[in-house]
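Have the structure open as you go.

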Amino acid sequence: SYTTDSKSREENKKTLESLYSLSVDVTKIRRLKEWVLLQDVAYVKEIAGILQEMGADEPTVANIIERCPEAILHTPAEINSQRALWQLVCQNEKQLIKLIEQFPESFFTTEYHQNQKANILFFQELGLKNNIITRFLTSAPNIFYNPVEKNKNVIETLQRNYLNLGGSEANMKIWILKLLSQNPFILLNTSTAIQENLEFLQKNDFTDQEVLQLLSKLKGFIFQLNSTTMHKSMLFSKNIFKCSDQELKQLVLKCPALLYYSVPVLEERLEGLLKQGISIAQIRETPMVLELTTQIVQYRIKKLSALGYDIKSGNLESLNGTKKDFEVTYGKIQSKKERPIFNPVAPLHIED
């Protein structure tokens, strides 16, 4: 967005000429971020030169600038610093240029350079592999914008709680690294929020062992929740399944989604299942089916029905799991249906 004032200004002719000389589609930039073309100073040739030095050909350079036009507003010094920084975790410049082409916005966010550097070094000290750190830089760049002290604080809170819950010192590093690689966004939470969520589970009679189990199952997503939403979700499940506190706890351990999803999401998924003729008793038996969206459930039921498999009278286990898990289950049911009743290669005993 830009003001009427900047809209009345003219596009920078020098910038346009430089972009045309690189075969950049300027209409794309006008459509996306026209304000870039109105700036008095731009470093088109210099930024293109740095990218070419790293091994980018002309179409790649044009593609990067079209996708992230503000790249040309950074000084060559800023981009060279960013290049040196990303080289700390990239195998070579070929990999680096590939990442820049895929995730230009992450690379050209230079405002947090010092924080990015401190966090990269901290993650390396922690034992995270470089390929995991590059994944974070591209898919979760905002965790690098935090001051490193904040990220350290969150990690220390997790480590302290892991030990307090009965986790062993020997396994702690593996646990933390696994948790981070599964869900780096836990670093966007505050230490206080993490503490409160764990206390909520303990107040609801989950043992230390069970809390640890939930943390691993939820891949750290539990830290993005709050006690109010978790309480509402648990109350909803208790009323729907008409179960005691102890039974509810077992259902949550079996299916942490009952804790993770908000009431409107659980309501919608439950309604979708009931419309397909599935009973509450069946859902209670296999609550993991609530981890699937209504669309996925409908698609899977349709596929199984085509094989003559009646989900209403059967077990919901066949609906569960990832896409790959379902394909395996579907394949087994299909081959069972297609298998001939007699063995075609067995000799036939015919009486004379």
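1. In which helix does Thr294 lie? Thr294 belongs to helix α20, which covers residues 294-306. Please keep in mind that this is a predicted model. With a relative accessibility of 13%, Thr294 counts as buried, because the limit for that class is under 20%. Setting aside residues up to four places away in sequence, Thr294 touches Glu268, Arg269 and Gly272.

2. Now for the chain as a whole. The chain has 21 helices and 0 strands. Its radius of gyration is 28 Å, well over the 20 Å that the globule rule gives for 352 residues, so the chain is more spread out than a compact globule. If you turn the model along its principal axes, the C-alpha trace spans about 90 × 65 × 45 Å.

3. How much of the chain counts as buried? The share is 44% of the 352 residues. On the contact side, take the pairs of residues at least 6 apart in sequence: 72% of those contacts join residues at least 24 apart.

4. A helix pair to look at is α9 (residues 113-126) with α10 (residues 130-139). Their axes come within 10 Å and cross at roughly 145 degrees, and the crossing is right-handed. From α9, the residues Ile120, Phe123 and Gln124 meet Asn130, Ile133 and Leu137 of α10. Sorted by class, this contact has 4 nonpolar and 2 polar residues, with no charged ones.

5. Is Thr138 buried or exposed? Thr138 is buried, at a relative accessible area of 9%. Leaving out neighbours within four places in sequence, Thr138 is in contact with Trp86, Leu99, Phe103 and Ser106. Leu19, by comparison, is 119 residues from Thr138 in sequence, and the two C-alpha atoms are 26 Å apart in space.

6. A disulfide is a covalent bond between the sulfur atoms of two cysteines, and the cut-off used here puts the two sulfurs within 2.5 Å. For Cys90, the closest cysteine sulfur is that of Cys68, 17 Å away, which is too far for a bond. For Cys255, the closest cysteine sulfur belongs to Cys243, at 12 Å, and this is also too far for a bond. Both cysteines are worth checking for accessibility: Cys90 is buried with a relative accessible area of 10%, and Cys255 is buried with 0%.

7. Finally, some backbone angles. Most residues other than glycine have a negative phi. Ser23 is not a glycine, yet its phi is positive, about 60 degrees. You will find Ser23 in the loop between α2 (13-21) and α3 (26-33), and at 49% relative accessibility it counts as partly exposed.

8. Which loop holds Asp205? Asp205 sits in the loop between α13 (191-203) and α14 (208-217). Asp205 too has a positive phi, about 65 degrees, although it is not a glycine. Its relative accessibility is 56%, so Asp205 counts as exposed, the limit for that class being over 50%.

Terms used. Residues are numbered from 1 along each chain as its sequence is written. This is a predicted model: local features need pLDDT of at least 70, side-chain atom pairs count only at pLDDT 80 or more; totals for chains, interfaces and linings use all residues. Side-chain values use heavy atoms; hydrogens and water are left out. Buried means under 20% relative accessible area, exposed over 50%, partly exposed in between (1.4 Å probe, protein chains only). Axes are lines fitted to C-alpha atoms, for helices over the stretch in contact, and angles run from 0 to 180 degrees between N-to-C directions. Helices (H or I, at least four residues) and strands (E, at least two) are DSSP runs, numbered from the N terminus. A crossing is left-handed if the near helix is turned anticlockwise from the far one by less than a right angle, and right-handed if clockwise. Contact means heavy atoms within 4.5 Å. Ala, Val, Leu, Ile, Met, Phe, Trp, Tyr, Cys and Pro count as nonpolar, Asp, Glu, Lys and Arg as charged, and the others, Gly among them, as polar. The radius of gyration is taken over C-alpha atoms; the globule rule is 2.2 Å times the number of residues to the power 0.38.
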